[in-house]
Amino acid sequence: MINFRIIYKILGSLLFIEVALMLSCLGMALYFEEDDSLAFAISVIITLLGAILLRYAGRNAENRLSRRDSFLVVTLAWVTFSIFGTQPFLIGGYLHSFTDAFFETMSGFTTTGATIIDNVEALPHGILFWRSLTQWIGGLGIVFFTVALLPSLVGGSTRVFAAEATGPVKTKLHPKLSMGARWIWMVYLFITFSCMGSYMFFGMDWFQGINYAMTSSATGGFSIHNNSTEFFNSPAIEYTTTFFCFLSGVNFTLLYFSAAKFKFKELWRDSEFQFYCLVILGFTAFIMAELMLRNHYDIEHAFRSGLFQVVSFITTTGLFNDDAGQWPHVTWVVLSVCMFIGACSGSTSGGLKSVRAVMLAKIIRNELRQRLHPNAVLPLKVSGVNVTNAQRVSLLAFLITYLLLLLVVAFVMIAAGIDNTNAITICLSCMGNVGPTLGVEIGPTMAWNHLPDFAKWMCSTMMLVGRLEIFTVIVILTPSFWTRN
């Protein structure tokens, strides 16, 4: 049976954390003396009441989670955070329907970066900070943040980590998961503050710096300007954004081991990191050539625009320094592939993950060799670690489910009248938590408010499914989850 008491207890504790986040936004609103102060004050009170009620419902709970409980609590945590996170938008009147507010909030927490809002520059500072903060907290995971902050809260924290972490292989830094979580958060904080300092050095003010640093390190993509980083018209800021988004797309565990021991050569020995770098370099070179030949960009502009967009799409950040909707259509195919592949596992990015692409490539290579040598025993290793048959089956199941979901949802959207290119790239963007899409109706620099409400709910669901890597959410929908021990 499902232990609802421990689930209520964890959800209540998580809402106390969301109250603290909203209080920081209330402080920002009071500092700038804008009209969003009341919206955050009311949101804090309602969220606090919800937290108290859930904690009361979970009183005297056993501090132990089964595998089934962990799947349910992780999914409910993201949904609950998003539901309560809609309040500042709705109470303040910045969004006028629950559908739009839920889409915007889910897009924030899942670091998708797709936005309903056409004119973000009209929003007050507190709301802008809330949008960025949702992405920063969602970058490494809501429950993962709680494990680092409150290790005694979750008895089955290892199962929770497995349900929320990205990638097919979960590497632990420390025998105690809470200590490993803190070290990973140290890496995250270092990247965030380094990014903020760099932005301020190149001309941003402190508010711009902290907002863009949070969305860059979280590979989220929410911006406080309608033109994203293009607003600054600064090559230095664009290269800085590219570097920190690239860094946030690397496996944080690998970053920690490389930096802590000053063994940076270990980075290049990692198969996934090699693939990640080679894909970026190859795709950048192709787009650069296309922009120079067809759009007549000079060499530096072509390199900067191509590199920025490739890194932004493959790390599923979604910031932009140019309108890719005006580029040759063949570059859309390249960017769509970037959306599908994603960056490294164990990072803040979405997508399929580069390690799965490496595993698939090696499976295909072994299959071709097996055709020539039927009796050969061919191991499959990634970065020197053997990939078991169980992991191979899991990989193929993940890939098939991923593609089936893309096809089904794209079919529904096309049947509803959304143009083909938009429908396909909308699905890729939501499942990969990317943000921008490619097409005419909703281009890479446009808001998503033109979508009908049913499509917004489908997109919100796909964002959650993509962020929690499909099976964590889908397993809850199976009858055996609720009926069998």
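Colleague: Why is Glu290 called buried?

Modeller: Its relative accessible area is 11%. Buried means under 20%, exposed over 50%, and partly exposed in between, with a 1.4 Å probe and protein chains only. So 11% puts Glu290 in the buried class. By the way, this is a predicted model, where local features need pLDDT of at least 70, side-chain atom pairs count only at pLDDT 80 or more, and totals for chains, interfaces and linings use all residues. Residues are numbered from 1 along each chain as its sequence is written, and side-chain values use heavy atoms, with hydrogens and water left out.

Colleague: And what makes Glu290 and Arg294 a salt bridge?

Modeller: The rule asks for a side-chain nitrogen of Lys or Arg within 4 Å of a carboxyl oxygen of Asp or Glu. Here the closest N and O atoms are 3.0 Å apart, so the pair passes. Both residues lie in helix 14 (residues 271–294), 4 residues apart, which is about one turn. An α-helix has 3.6 residues a turn, so residues three or four places apart point the same way. Helices, by the way, are DSSP runs (H or I, at least four residues) numbered from the N terminus.

Colleague: Is Arg294 buried or exposed?

Modeller: Exposed, because its relative accessibility is 53% and the cut-off is over 50%.

Colleague: How do you know that Glu469 and Arg356 tie together parts of the chain?

Modeller: Their side chains meet in a salt bridge at 2.9 Å, N to O. Glu469 sits in the loop between helix 20 and helix 21 (471–474) and Arg356 in helix 17 (residues 354–372), so the pair joins parts that are 113 residues apart in sequence. Glu469 has 8% relative accessibility, so Glu469 is buried. Arg356 has a relative accessible area of 5%, so Arg356 is buried too.

Colleague: What makes helix 20 close to its expected reach?

Modeller: The expected span is 1.5 Å times one less than the number of residues. Helix 20 has 15 residues and reaches 21 Å from its first C-alpha to its last, close to the 21 Å expected.

Colleague: Which residues does the "binding site" annotation cover?

Modeller: The UniProt record, an unreviewed entry, lists Thr111, Thr112, Gly220, Thr316, Thr317, Asn433 and Val434. They are spread over 324 residues of sequence yet cluster in space, the largest C-alpha distance being 8.3 Å. UniProt positions use the numbering here, feature names are shortened, and annotations may be inferred rather than shown by experiment.

Colleague: Why is Thr112 called buried?

Modeller: Because its relative accessible area is 0%, which is under the cut-off. Leaving out residues up to four places away in sequence, Thr112 touches several residues, including Gly220, Thr317, Asn433 and Val434. Contact means heavy atoms within 4.5 Å.

Colleague: What makes Leu38, Ile42, Ile46 and Ile91 a nonpolar patch?

Modeller: Patch residues need over 30% relative accessible area and no salt bridge; nonpolar side chains (Val, Leu, Ile, Met, Phe, Trp, Tyr) are joined within 5 Å, while like charges are joined within 9 Å. The patch covers about 320 Å², with areas from the Shrake-Rupley method using a 1.4 Å probe, where only the protein chains shown count as cover for residues. Take Ile91, found in helix 4 (residues 87–91).

How values were computed: Helix = DSSP H or I, 4+ residues; strand = E, 2+ residues; numbered from the N terminus.
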